[in-house]
Structures are given as C-alpha cells and as structure tokens.
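This report describes a predicted model.

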Amino acid sequence: MVTLYACEGSGNCMKPWLAMIQLDQEFEVKLIDVLNGEQKRPDFLELNPLGVVPFLEYSKDIRLGESNAMLWFLAEGTHLMPDAAAERAEALQWMFFEQSKLEPFISPARFYSFILPEQREAHIDEISQWLDRARPGLERLDAHLGSRRFMLQSGYSVTDIAIFGYVHVLNEAGIDPADYPMIERWIEDVTLTDKFQPLQNLGMSNAKAA
Ligand SMILES: N[C@@H](CCC(=O)N[C@@H](CS)C(=O)NCC(=O)O)C(=O)O
C-alpha cells in the first residue's frame with residue numbers, strides 16, 4: 001500500500017495527497033502530529049531523517065521527501081504531466097519558483113497567523129516581513145495567470161497543484177486574495193477540476209481516496 005505521511009492543514013502535504021486523489025491512486029494517509037513533535041521521534045526519523053512531512057512511501061524501495069519531487073514522480077506518464085520537453089522544463093521552473101519565492105514566506109506567515117494564532121503577536125514583525133517578501137512572487141504569478149487559464153499552456157497539470165498548496169490559503173497568511181484577481185480566478189478554476197478535494201479533507205479517513 002502506498003503511504004503518505006502528512007500533517008493536517010499543510011499546503012505541502014496537500015500536494016501529493018491531491019495528486020493521488022486526482023490520479024485515482026490508491027493510498028493511505030498516516031497523520032503525523034507535527035505540533036507535538038512526532039516528526040522528530042526515532043521511528044519517524046528512521047523513515048525520513050529530515051524529520052519533516054510530507055513523506056511518501058510508494059514501495060519498499062521508493063521513498064521520497066519534498067512535496068514537489070513527489071508530485072513529479074506521481075504525475076509521470078499521466079494527464080497531469082506535460083509531454084513536451086520545453087513544457088516539462090517550464091513546469092519545473094514554476095515548481096522551483098513556488099519553493100523559493102512563495103512557500104518560504106506564505107507558509108510561516110500562515111503558521112503563526114492561522115495554525116498557531118496565539119503566537120501571532122510574538123511574531124508580528126516577522127509576519128510583516130514574510131508577507132512583504134511574498135508579494136513580488138504573487139505579482140509575477142498574477143501577471144502569468146492573466147494570460148493563461150492554468151499554469152501551463154496545455155492545461156491543468158502538476159504545476160497547478162504545486163502552486164495551489166499554499167497560494168490558495170493566502171488569506172490565512174494575512175494577504176487578501178482580492179489583491180491578485182487573476183490568482184483568485186485561478187484558485188476557483190483549480191477547485192473545479194475533476195475529483196478536486198479541499199485541504200480540510202486531508203485529515204479525514206482515506207477511505208474516500210483509497
Ligand atoms: N520543502 C519541503 C518542506 C517540508 C516541511 O517543512 N514540512 C513541514 C510541514 S509543511 C514540517 O514537517 N515541519 C515540521 C518541522 O520542520 O519539524 C516540502 O515541500 O515537502
């Protein structure tokens with residue numbers, strides 16, 4: 001059985017989870033309680049020495065960290081992966097962009113605003129800096145989505161899932177999505193794709209997906 005180790009509420013964990021649902025891949029979710037440090041316990045570190053989730057145990061021999069690497073592996077040979085070499089490279093370009101220009105700022109701002117709101121005041125200056133640093137990437141994304149319905153010319157792909165993970169919860173980080181109308185439109189379009197499931201369901205029994 002394919003096993004996804006994940007924590008509730010995580011945009012990174014949502015990515016392989018949503019891809020597997022949309023690809024009809026049978027899998028089980030094992031929830032790791034990150035807020036209580038379960039990802040640093042010896043049994044989990046033995047599996048993933050980095051001590052983070054998501055972590056994908058696809059088979060005894062195929063074990064993967066990094067949400068976007070999981071997406072790439074899962075999408076290979078499916079309708080979520082573009083065929084042409086240039087478009088595959090463009091997909092990777094946007095997936096690296098997501099991990100360097102968006103996720104490192106949206107994720108911590110959201111963590112202290114939405115996941116642990118009681119710690120918001122203590123991190124208020126950092127949150128403001130993270131949000132300032134997220135804006136150039138969001139502007140770039142908004143401009144791109146002004147000319148495309150989805151990230152790639154050929155249509156909905158693994159790239160949309162990678163970017164959706166954190167961009168669709170911008171409001172929970174403290175950014176009004178109305179500031180980015182093309183992103184707002186695209187979020188709606190992604191939610192309308194076949195078999196889409198919202199982040200809130202990540203913690204639910206995997207019976208639906210399996
Ligand atoms: N770049 C990694 C990020 C992994 C990551 O930082 N995961 C967070 C949850 S979203 C985590 O496990 N944090 C707990 C910790 O760092 O101890 C990915 O895309 O998978």
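## Helix α5

Helix α5 has a kink of about 30 degrees at Arg135, shortly before the proline Pro136. The helix comprises 22 residues, 124-145. From its first C-alpha to its last it reaches 30 Å, close to the 32 Å expected at 1.5 Å a residue.

The buried residues of α5 are Ile127, Trp130, Leu131, Ala134, Gly137, Leu138, Leu141, Asp142, His144 and Leu145. These buried residues pack against four helices: α4 (85-115), α6 (158-167), α7 (170-173) and α8 (181-191).

## The sheet and its helices

An open sheet is formed by four strands in the order β2-β1-β3-β4, with mixed pairing. At its edges are β2 (28-31) and β4 (63-65), each of which pairs on one side only. From one strand to the next the twist averages 20 degrees. Strand β3 (residues 55-57) pairs with β4 in the antiparallel sense, over three bridges. Leu56 stands opposite Leu64, a residue of β4.

Two helices that lie across strands of the sheet can be described in turn. Helix α1 (residues 11-22) lies across β1 (3-6), β2 and β3, and runs at about 150 degrees to β1. Helix α3 (residues 67-75) lies across β1, β3 and β4, and its direction is at about 135 degrees to β4.

## Aromatic pairs

The count of aromatic pairs comes to eight. One of them joins Trp94 and Phe97: the ring centres are 5.0 Å apart and the planes stand at 85 degrees, so the pair is edge-to-face, since planes over 60 degrees apart count as such. Both residues lie in helix α4, three residues apart, about one turn of the helix. An α-helix has 3.6 residues a turn, so residues three or four places apart point the same way. Trp94 counts as buried because its relative accessibility is 1%, and Phe97 is buried with a relative accessible area of 14%; the cut-off for buried is under 20%.

The rings of Phe111 and Tyr112 also make a pair, with centres 5.1 Å apart and planes at 80 degrees, so this pair is edge-to-face. Phe111 counts as partly exposed, at 28% relative accessibility, whereas Tyr112 is buried, with a relative accessible area of 18%. Ring pairs link Phe111 and Tyr112 with Trp130 into a cluster. Trp130 is one of the buried residues of α5.

Methods: Residues numbered from 1 in each chain as written. Predicted model: local features only at pLDDT ≥ 70, side-chain atom pairs only at ≥ 80, totals over all residues. Heavy atoms only, no water. Expected span 1.5 Å × (residues − 1). Bend = angle between axes of the 7 residues up to and from the residue. Buried < 20%, exposed > 50% of the residue type's maximum accessible area, 1.4 Å probe, protein only. Contact = heavy atoms within 4.5 Å. Pairing = 2+ DSSP bridges. Axes fitted to C-alpha atoms, helices over the stretch in contact; angles between N-to-C directions. Phe/Tyr/Trp six-rings, centres within 6.5 Å; stacked < 30°, edge-to-face > 60°.
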